[in-house]
Amino acid sequence: MRLALRANTTAAQVRACVAGFGIALLPRFVAPSEPGLVELLPRIDTPTREVWAVSHRDLRRNPRVSLLIEWLTQTIAVTQGFE
């Protein structure tokens with residue numbers, strides 16, 4: 001297999017796909033804003049990733065930090081289809 005492009009950002013992968021470079025494993029929420037994309041393999045298992053929220057020990061009980069971590073957890077769960 002010959003690689004035409006190696007990219008580590010979603011934006012670069014989307015631009016390359018729209019330009020005809022090939023295929024990419026992209027999040028589903030990208031497609032509605034990019035009419036040039038075509039879903040090829042809708043039923044494959046996608047890789048998972050761990051996300052860690054880290055804060056300084058002194059900030060663990062800070063309401064703003066707790067609220068942010070809670071919001072991020074909910075946002076990631078919804079966009080990944082976990083809810």
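Modeller: Let us begin with E34, which is found in the loop between α1 (10–18) and α2; helices are DSSP runs of H or I, at least four residues, numbered from the N terminus. This is a predicted model, in which local features need pLDDT of at least 70, side-chain atom pairs count only at pLDDT 80 or more, and totals for chains, interfaces and linings use all residues. Residues are numbered from 1 along each chain as its sequence is written, and side-chain values use heavy atoms, with hydrogens and water left out.

Biologist: Does E34 count as buried or exposed?

Modeller: Buried means under 20% relative accessible area, exposed over 50%, and partly exposed in between (1.4 Å probe, protein chains only). E34 counts as buried because its relative accessibility is 15%.

Biologist: Which residues is E34 in contact with, leaving aside its neighbours within four places in sequence?

Modeller: Contact means heavy atoms within 4.5 Å. With those neighbours left aside, E34 is in contact with V14, R15 and V18.

Biologist: Which residues of α1 are buried?

Modeller: In α1, the buried residues are V14, A16 and C17. They lie on the same side of α1, because they cover an arc of only 165 degrees around the axis; the arc is that of the directions from the helix axis to the C-beta atoms.

Biologist: What percentage of the residues of the protein chain count as buried?

Modeller: Of its 83 residues, 7% count as buried. The chain has 2 helices and 0 strands.
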